[in-house]
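User: Hi! Could you show me how to read a helix packing and a chain contact?

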Amino acid sequence: MNFEPKIIAFLCNWCTYTAADAAGVARMEQPANVDVIRVMCTGRIEPMFVLKAFAEGADGVIVSGCHPPGDCHYTNGNFKTFRRMPLLERVLSQFGIEDGRFHWGWISGAEAPKWAELARTFTEQVRGLGPLNWKDQLASKED
Amino acid sequence: MAEKLKLALYWAASCGGCEIAIVELREKLLIVDQVADILFWPVAVDAKYKDVEAMPDGHIDVCLFNGAIRTSENEHLAHLLRKKSKVLVAFGSCANEGCMPGLANLYDRQSIFDYAYLESPSVDNPNKVVPQTQNKMPEGEIQIPKFYQTVKTLTQTVDVDYHIPGCPPQAPQIWAVIEAIVQGKLPAKGSVVGANEKTVCDECKHDRKEKAVKQFYRTYEIIPSSTQCLFDQGLICAGPATRGGCGALCTTVDVPCRGCYGPPPHVVDQGAALMSACASVVDADTEEEAARIVGGIADPIGTFYRFGLAASLLHRRKI
Amino acid sequence: MKKITIDPVTRLEGHGRIDIFLDDQGDVANAYMVIPELRGFEKFSQGRRVEELSDITPRICGVCPEAHHLASVKASDAVFHVDPPPAAKKLRELFYSAFYVADHTVHFYILGGPDFVMGPDAPVAERNILGVIHKVGVEIGTKVIEARGKAMDIIGMLGGRKIHPTFGLPGGVAKALSEEERTQVEATAKDSIEFALFSLQLFKDIVLANKGYLDLIMSPIFTMPTYYMGMVDEKNKVNFYDGKIRVVDPEGKEFAKYNASDYLDHVAERVEPWTYLKFPYLKKVGWKGLTLGKDSGVYQATPLSRLNASDGMATPKAQDAYEEMYKTFGAKPVHNLLATHWARLIELLYAAEHLLELSQDPGITDPKVRTIPTEKPTEGVGVVEAPRGTLTHHYITDEKGIVTKANLIVGTTNNYAAISIAVKQAAQGLIKKGVTVTEGILNRVEMAFRLYDPCFGCATHTLPGRMPLVINIMDQGGEVVRQIRRD
């Protein structure tokens, strides 16, 4: 079986995006499965973005930004993130999206290896869960 | 004398509340009678499906279609009435967002079947009989419609000209739309009519201040103040994530809005908007505290997606 | 075999179809009232917060949301082991009485009434509320609209909105009644009593004074002896909001009287493959198929059933009307189905009188209307009389008050067996070889269900799933002689 998971990662410009960029420059091994979407702050991420990513075919989604309490470039943008994400996790679970398909956390600009590690392990984790393929699985269960 | 408007009203998977909403026009119903002929309205008029099938295409000027698409019969009528109507209006929350029937999308056909016909405490079914779409009876065949796995909205099924939100739409708003139809003053095709372009908060009379919620409460846990915003007090009120126009009636009796008028303008997924609104007002400066506060929200999906599950981005729980 | 289909049935709430099969002679071999709709409320109530069911279950029916709302709230009270304050209970009953005034008015004038005011053979275009208003005149039409409207205004006053009102909570109600509001309720109640008396007189003038209608009412085609169920207070008088459930046999003798929480000992539901609706029956009599009489567990729960199962009405004018009806028929119970329309108007009068009593109760404006639950939630049953029959909500929750199981036996569902028999009986009585089947005859077949004021949306709250393939091979009597399954 040749399933290649499609992972969408929403990364904040100042921290995790910088780490991902540095990891790339340093040629750290990262799977091609992760598509990165740069946002200025994880506080910009509405739950709707994550839901839409899954609805449009993502098998896994990552949200990652600056460590609270002090690293956020906009002071408390990431406070909004840690208020939203736990609630979103529960809703995703009630939608039947398995634990392990959605990851949220903090990776600073200086933690490039941590990003590469996350990209690798998360891709394998999602590979193990199999394709989510939301639109197709919806259509195939209808008759 | 102007020709009378040819009007039809139909209910798919619905509760009849949208019909009673028309009855709530009260004496204005007599005006409707003067300007329109009701060609088809099963709750009140004896016209049958065969009468609709016999009409030429486009014969009906306006069809107000309420109810979600749950069965093959609902789907058939959606297509039939689309064909026979010049203007098709998705009337009410079921047709627009899926409303309560849409909550069945949290389950699948098998589990719902098992409960209703085999597991329910009062069921007495030793032969494990279950409804079948085709039945050979001693006298002939009886068919019943097929139940689809997933509830769809009218908008997801056929081309819809206008949308009137609400569960049900409020009578003054229905009247405003009827007036617009009769006067030929409807806006561009695809518009939401019978509602405003703001949220319910705009019409609500409670005082809104800076929100800083340390704990969410369930309605039976507190007796809220009548003047302060209910959301400020920790009750989950869907007002900020719901289109306005209903008059904010629920909050006048200090009960939080549940979101029956659907998403506000430009919002694609009402549940996501309400989820975001709840999280945004959490008063927490640490991850642990934030997790604790939002952890106090029981049944998030049933709260945020009460009306809009079928129309949401994901549509249903994964089967 | 020829088949006549009435599709859809009209002037009721919900979806239905009548399939009439004719034999080679042209007589009716069988007629089936098929219910093609279901939505799944019992299942998707699982996982929901129990207090939210009073917002979710009213969407079973927008014609009687107040009934589901109160049954749900009562069940939630029981789940939380909480007793609402006296004013809250009185207000719920006041709210419910206003609803009965509005709803019984809707049925008589909009749903069932046109058959009598316009006549069963009137052209389709006239046989509806608008035809009725053209015939009786705008003045009376406006009177009906206003009477219903004022009663609905009371619902809106207490529940914010009139359709799917948000009024009750576990432990009480959302708001108290102010003195100003109380005065409005009192005035509306007095008007409602006048209107109910007017409606009863209209019924006598238009229906009872018309020999053709009287023949229809007395006809054996529309007569069915069954058990009768209804809620009664401690004096065995009809009560819509609270009390015990009483069942009398076809001869009028008390057969059972039980508390809401014991409903499972008394009622069970059967399943047929040709319809989505289940058939409740009395367990202690047993299921004998779609048959009538003392040996069959088929029962009715309608306004007529409530009157049959009671010892009278709790208010004076309604009691007079009750006595007049039974005197006219000369017997109790009354088995003439069309008398249900009469019983409905007697209940309209009772609801109006009771609304007045409650509006004048000294404690009705008490501001204390909420008790905050303190006990752990577990399980509870709430029963009210919906206009269309006894309504049962049964919830089981976890320790956080999240529903793990819900069971609903809804008004019209109680009557499904009886309706099926009535439709078949009417079809067989009216359609015979040699008779030209006119639209008016088919409408008379529909009148057999319409008197029940059915709410098939209510009845079909449940949803079936994808079934394993089962083929039942049945003999003439409907007995399964062989079953082929593919699971």
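**Reading the contact**

Analyst: Happy to. α2(A) and helix α9 (residues 270-280) of chain B pack at an angle of about 145°, their axes 8 Å apart. Axes are lines fitted to C-alpha atoms, for helices over the stretch in contact, and angles run from 0 to 180 degrees between N-to-C directions. Helices (H or I, at least four residues) and strands (E, at least two) are DSSP runs, numbered from the N terminus.

This is a predicted model: local features need pLDDT of at least 70, side-chain atom pairs count only at pLDDT 80 or more, and totals for chains, interfaces and linings use all residues. Residues are numbered from 1 along each chain as its sequence is written, while chains are lettered from A and ligands numbered from 1 in the order in which they are written.

User: Which residues make the contact of α2(A) and α9(B)?

Analyst: Two residues are in contact if their C-beta atoms, placed from the backbone, lie within 7 Å. Here Pro47(A), Met48(A) and Leu51(A) meet Ala272(B), Met275(B) and Ser276(B).

User: How many residues does each chain bring to the whole contact?

Analyst: Chain A brings 28 residues and chain B 29 residues. On the side of chain A that touches chain B, α3(A) gives the most, with 11 residues.

User: And how is chain C built, in helices and strands?

Analyst: Chain C has 16 helices and 16 strands. Its C-alpha trace spans about 70 × 60 × 40 Å along the principal axes. Among contacts in chain C between residues at least 6 apart in sequence, 70% join residues at least 24 apart.
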